[in-house]
Number of protein chains: 2
Amino acid sequence: MTFRWKAEEGGAVVSLKTIRNMEEFAAASGLSRPTVSKFFHDPSSVRPSTRRRIEEALEQYDYRPNIYAVNQNRRLTKTIGIVVPFLADPYFAEIARVLEMRCIDAGFSPSLFSSHGRQELENDILDTLRSMKPAGVLLAPLGRGSDRAVIESFCANVPTVLFDSNIDKVGDAFVGSDNGQFTSLMVDYLSRTGGSPWFFEMETPPNPNARKRRQGYIAAMAAQGHEPDITQAQGTGWDLEKIGYEEGLRAIDERKGNCGTVLCSNDRLAIGFLAACFKRGLRVGIDPQCDIRVAGMDGHPISKYTAPGLTTVAHDYETIAGRSVQTLFGFMQDEDRGTQRTEMLFEGKLLMRSSA
Amino acid sequence: MTFRWKAEEGGAVVSLKTIRNMEEFAAASGLSRPTVSKFFHDPSSVRPSTRRRIEEALEQYDYRPNIYAVNQNRRLTKTIGIVVPFLADPYFAEIARVLEMRCIDAGFSPSLFSSHGRQELENDILDTLRSMKPAGVLLAPLGRGSDRAVIESFCANVPTVLFDSNIDKVGDAFVGSDNGQFTSLMVDYLSRTGGSPWFFEMETPPNPNARKRRQGYIAAMAAQGHEPDITQAQGTGWDLEKIGYEEGLRAIDERKGNCGTVLCSNDRLAIGFLAACFKRGLRVGIDPQCDIRVAGMDGHPISKYTAPGLTTVAHDYETIAGRSVQTLFGFMQDEDRGTQRTEMLFEGKLLMRSSA
DNA sequence: CAAATATATTTACGCGCGTAAAGTTTCTAT
DNA sequence: ATAGAAACTTTACGCGCGTAAATATATTTG
């Protein structure tokens with residue numbers, strides 16, 4: 001038996017047995033194991049005096065129940081899985097951060113995963129996650145790159161709320177941004193303040209929202225009686241600034257400086273495009289003496305600090321995160337989930353800065 | 001007992017019992033549980049013919065051992081903890097990504113945590129992590145904001161490699177960048193190509209590397225016979241671009257346009273500073289007709305796409321990640337870890353772009 | 001083909017905890 | 001004070017798997 005010695009405030013010394021399990025901890029606090037077990041399940045479920053005794057013992061011995069033993073015997077754990085397609089993307093980093101905080105505040109243990117843009121990793125993650133018996137999962141799927149069958153079967157077993165990218169009829173709910181509104185809002189603004197924009201996007205974007213944004217652009221232009229004017233960038237993967245830069249150069253050259261106003265499908269593309277403008281000596285901004293106006297969409301954390309500041313439509317991060325978690329919690333209680341699937345779309349907020 | 005029916009290719013139908021545990025799975029594959037257990041521990045430890053039988057059964061039944069039961073009975077798990085101070089910072093997002101991939105490739109399950117810049121969360125994470133019995137932990141501590149005692153006691157129990165921020169004598173090893181070299185390299189370059197820089201940093205930076213960079217700056221300036229010229233930005237937290245922007249405006253105004261060359265303590269600060277320059281109408285660049293040269297340090301993913309491209313010193317991400325993981329694996333085997341602590345510092349690479 | 005060796009089986013215990021049932025003590029309310 | 005409820009203790013089983021020991025079977029070697 002191991003002993004360690006701990007100096008008390010008064011100078012007295014008390015022998016502290018190293019606690020190996022709940023049995024020993026219960027003995028140390030002068031209670032029975034079932035009572036202590038009850039306490040860890042819900043501290044308010046025991047008598048206040050009992051609770052105090054346990055909490056005092058807890059300070060002395062810093063014991064924690066073995067999570068593996070606990071989780072083995074629970075049907076469901078207190079874990080909430082959070083899966084994003086690409087964590088190195090600041091948008092997902094930011095929303096994951098907010099989601100994590102909300103889960104922690106609600107007394108759950110978030111477990112964060114990134115698919116790193118790869119289908120086989122997304123599948124592996126869902127496989128792992130299923131075996132973790134999570135209380136629920138917040139999933140932003142790869143989208144285009146997802147294996148629908150895998151995600152579908154996963155959602156059949158685990159309460160899941162999809163966010164960011166929707167997959168038709170999969171999961172208990174979807175929470176995301178109204179991409180159509182994003183584009184129509186921005187097209188409207190750009191048209192009023194200068195001229196209607198051409199659209200700069202990827203031909204094969206990694207994220208399916210891009211498609212909705214394109215459709216939104218086309219619709220918004222049509223509503224104003226304009227022909228859509230779309231330039232598609234080549235390239236695949238998540239290195240969006242690079243693609244925006246390189247293909248931006250090409251686009252600028254093709255248009256021979258006659259650029260007017262460009263709406264980029266997302267902020268990272270726009271950031272690359274801004275670099276391309278700088279490279280070609282184009283002055284960017286809403287100011288009449290400038291050569292081109294550039295706008296983006298997403299409200300990327302850095303968009304405020306580009307030169308010039310990027311005019312964009314920002315996701316409502318807080319609301320999306322809040323509603324995702326809240327919706328998930330609803331389904332976690334619900335016995336007969338799967339009966340009705342809800343979709344929630346939130347509007348973006350126009351951030352007028354000096355680039356357009 | 002639950003049955004489900006599965007149509008075979010030939011049209012034949014086979015009854016598939018739902019496998020509940022290793023016992024049932026062993027029965028289904030016509031083997032004993034201990035043998036199957038051995039297989040999952042190491043597939044090559046059973047006879048090839050046996051292995052084939054299990055793998056075939058595995059395809060039919062997609063059974064996975066209960067991770068909680070497995071981990072309860074193992075002294076150590078196959079988990080590797082990865083802890084970063086702030087995941088929404090692209091530098092940490094990027095290095096975490098690389099670390100994760102390396103762990104996966106080595107057959108481990110990375111578990112990713114962000115302290116979100118808060119000490120109490122860092123402590124909680126370490127607490128959780130300890131109870132997870134991880135094989136090892138890769139820890140980038142908050143640094144200044146860390147609770148030394150907590151980290152120390154954690155490292156005493158778990159093989160831990162610190163990265164990014166060093167804490168004196170804590171952990172089995174430290175792997176990071178040589179911040180002194182970063183600054184001396186940059187000061188050297190800037191002095192040769194224009195004039196020696198003044199230094200723009202935070203007064204109370206969230207990351208302790210900032211201190212080393214300041215010292216490096218002072219030393220490098222002294223080596224060239226110059227007086228150091230340091231401007232300290234106010235503000236706390238991780239919103240570095242904002243601080244760089246707002247305090248950058250102040251610094252520019254104080255210097256009345258007479259700015260010369262500025263070296264920012266890190267790229268995010270520099271990005272904010274660039275925005276401040278743009279706001280004040282200062283032309284940034286190495287070109288003689290520009291008003292100011294701006295340099296940063298870190299090799300931030302976006303630094304290439306600022307306008308103008310940011311001259312900076314880049315971390316050797318791949319090497320740092322690789323050596324961190326490799327070092328950790330070494331200590332994981334080692335029985336008498338703790339005898340000697342190693343520190344590895346890697347040099348940064350100068351990225352000459354057009355901002356300085 | 002027999003002996004030597006490698007591999008599998010059988011049996012059994014332990015891990016740390018959830019949880020149910022029955023009995024005992026403590027609290028609350030009249 | 002006393003009944004009744006609430007909380008606790010005791011006892012006991014189960015979860016799914018790791019793992020050790022003894023035994024049985026299969027494979028390799030000469």
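## Residue classes and model

In the class counts below, Ala, Val, Leu, Ile, Met, Phe, Trp, Tyr, Cys and Pro count as nonpolar, Asp, Glu, Lys and Arg as charged, and the others, Gly among them, as polar. The structure described here is a predicted model.

## Surface near DNA strand C

DNA strand C has 25 residues around it, of which A:Asn21, A:Met22, A:Ser37, A:Asn73 and B:Thr50 come nearest. Two or more residues of this surface are given by each of H2 and H4 of chain A and H2 and H4 of chain B. H2(A) provides the largest share, five residues.

By class, the surface near DNA strand C consists of twelve polar, nine nonpolar and four charged residues.

## Surface near DNA strand D

Around DNA strand D there are 23 residues, and the closest are B:Asn21, B:Met22, B:Ser37, B:Asn73 and A:Thr50. At least two residues of this surface come from each of helix H2 (33–41) and helix H4 (67–73) in chain A, and from each of helix H2 (33–41) and H4 in chain B.

The surface near DNA strand D comprises eleven polar, nine nonpolar and three charged residues.

## Contact between the protein chains

Chains A and B also touch each other: 30 residues of chain B are in contact with 30 residues of chain A. On the chain B side, at least two residues each are supplied by helix H4 (67–73), helix H5 (90–105), strand S4 (109–114), helix H10 (240–254) and helix H11 (267–279). The residues on this side of chain B divide into 19 nonpolar, seven polar and four charged.

Methods: Residues numbered from 1 in each chain as written. Chains lettered and ligands numbered in written order. Predicted model: local features only at pLDDT ≥ 70, side-chain atom pairs only at ≥ 80, totals over all residues. Contact = placed C-beta atoms within 7 Å. Helix = DSSP H or I, 4+ residues; strand = E, 2+ residues; numbered from the N terminus. Near = placed C-beta within 6 Å.
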